[in-house]
Amino acid sequence: MKKKSLGINALLNGLRSALNLIFPLITFPYVSRVLSVEGIGIYNFSYIYVNYFLLLAGLGIATYAVREGAKYRNDKRKISTFSSEVFSINIISTIIAYLLLIISLLIFKNLHNYISTILIFSLQILFTTIGTEWIYTIYEDYSYITVRSIIFKIFSIILLFVFVKTPNDYVWYAGITVFSSVGSNILNFIHAHSFIKIRFVRPINIRKHLKPILIIFASTVAVTLYVSSDTTILGLLKNDYAVGIYSVAVKIYTLTNGLLGGLLIVTVPRLAMLLGNERMKDYTILLSQVINTITILIFPIATGLIMLSKEVILIIAGEKYLNSIFSLQIIAMALGFSIFSSIFDQCVLIPAKRERFVLRNTLITGVANVLLNFIMIPLISYDGAALTTVMSEAIVMSLNLGSARDIVGPIIFSKDNVKNVFSSLIGCLGIVSVCFLCKLEIHSLILCIIVSVVLSIIVYGIILIFCGNEIALFYLKKIKNRKNQLL
């Protein structure tokens, strides 16, 4: 099989992540103004609730399939057998998830106000399973799903402006959200046959797959506890208004986190393959490049989001969501902890088959997060939920770093990486100065953001080069070489 370029893969998956960012940036300002704060609260509560059952249906299979399937991808018979068995397990877990969802709707009467949006969001469970997107990740083929995303996002934007026109149209908004995210997954399943033959099989070699799948699933459940429990507990202890206010901050945070995560995820199958084949030198080089590149991206993005939080919220959501400014500023500080935790988790511990450490670390964090939410939310409401997210991400990052220290320690604590971190932090001071001056002198929200971002990138880049940042110098050299080739 022809080896895919990590640079092209990162570009394609980055484009797909950017589309996932641009779609809400186009739609959410419109939706947040058309729907009431309570309507946004109902929408987000239903979305989070269904995500628990989506998690059960997924069962950690995608992560397991990428890790193990990457070793078989050059053997069509083995990868077809492996994928069919994993897909069959996924079908069974999906049926169980739907049964439990129906039972919960029958038992809990207070869910009846959300039943229409919950049922619509539940379509994601089936279509995510059928989509088998993990096959495309195994083969590092991001072109098809990127093109598909573009087409369905465009259709979804059109549908949004046609059908969402009143405060009660949050049900339509839920349906359009499902369509935009998983609407084409039947096409994914059909197209996947160009790689392998995948079907439901019996009997399944359940003993071979179940233990690692369940360990990864338990870890994912624990992650969900500290990622989603804040919204759930906020809804239980406060009201739909508090959920609606907090949801704006979470939406912006999640979009930014997802964009950075999209650049990271393309390296996972390659790292899994290198580690699985014991090519430690190549693995260490690639992992070092990932860590150094993420370092110079994450700090300025978090800094810019904190500095421009008011302007971003006014543009995306409007004046009635201004109470979410401080929540956004708080939760933006979690970006660095979250992304580096993902590196240690997805790029080191899972490929190294240390999922038991991931389980332990996420369980500890999940329990801590739930307890912190019950303490902080009654005190400071949605700002407390944001603060617990930061604390939880810091805890899980520290635990994952400790579990992977023998592999990542020499990279993280190397002289070059410390220098890169220091130069990035100095560059962030430049970003703070630029944003502060732009906010003083420019009164147009959109113009202020555009000028702040452009000048911040320029100032940040100059500071990195002046401080001798290796990654900045590397890309500067590539730009010069490309310019010379053109001349």
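Helix 14 (residues 280–307) and helix 20 (residues 415–441) pack at an angle of about 25°, and their axes lie 9 Å apart. This is a predicted model, where local features need pLDDT of at least 70, side-chain atom pairs count only at pLDDT 80 or more, and totals for chains, interfaces and linings use all residues. Residues are numbered from 1 along each chain as its sequence is written, and side-chain values use heavy atoms, leaving out hydrogens and water.

**The helix pair**

- Helix 14 is roughly parallel to helix 20 (angles under 35 degrees count as such).
- The crossing of the two helices is right-handed, meaning that the near helix is turned clockwise from the far one by less than a right angle.
- Contact (heavy atoms within 4.5 Å) involves residues of helix 14 including Ile291, Thr295, Phe299 and Met307, and residues of helix 20 including Asn417, Leu425, Cys428 and Lys439.
- By class, this contact has 12 nonpolar, 7 polar and 1 charged residues (Ala, Val, Leu, Ile, Met, Phe, Trp, Tyr, Cys and Pro are nonpolar, Asp, Glu, Lys and Arg charged, and the others, Gly among them, polar).

**Two residues with positive phi**

- As background, most residues other than glycine have a negative phi.
- Thr132 has a positive phi, near 40°, and sits in the loop between helix 6 (123–131) and helix 7 (133–138).
- Thr132 counts as buried because its relative accessibility is 1% (buried means under 20% relative accessible area, with a 1.4 Å probe and protein chains only).
- Ser381 also has a positive phi, near 55°, but this residue lies in helix 18 (residues 355–403).
- With a relative accessible area of 14%, Ser381 is buried too.

Key: Helix = DSSP H or I, 4+ residues; strand = E, 2+ residues; numbered from the N terminus. Buried < 20%, exposed > 50% of the residue type's maximum accessible area, 1.4 Å probe, protein only. Axes fitted to C-alpha atoms, helices over the stretch in contact; angles between N-to-C directions. Parallel < 35°, antiparallel > 145°, perpendicular 65-115°, else oblique.
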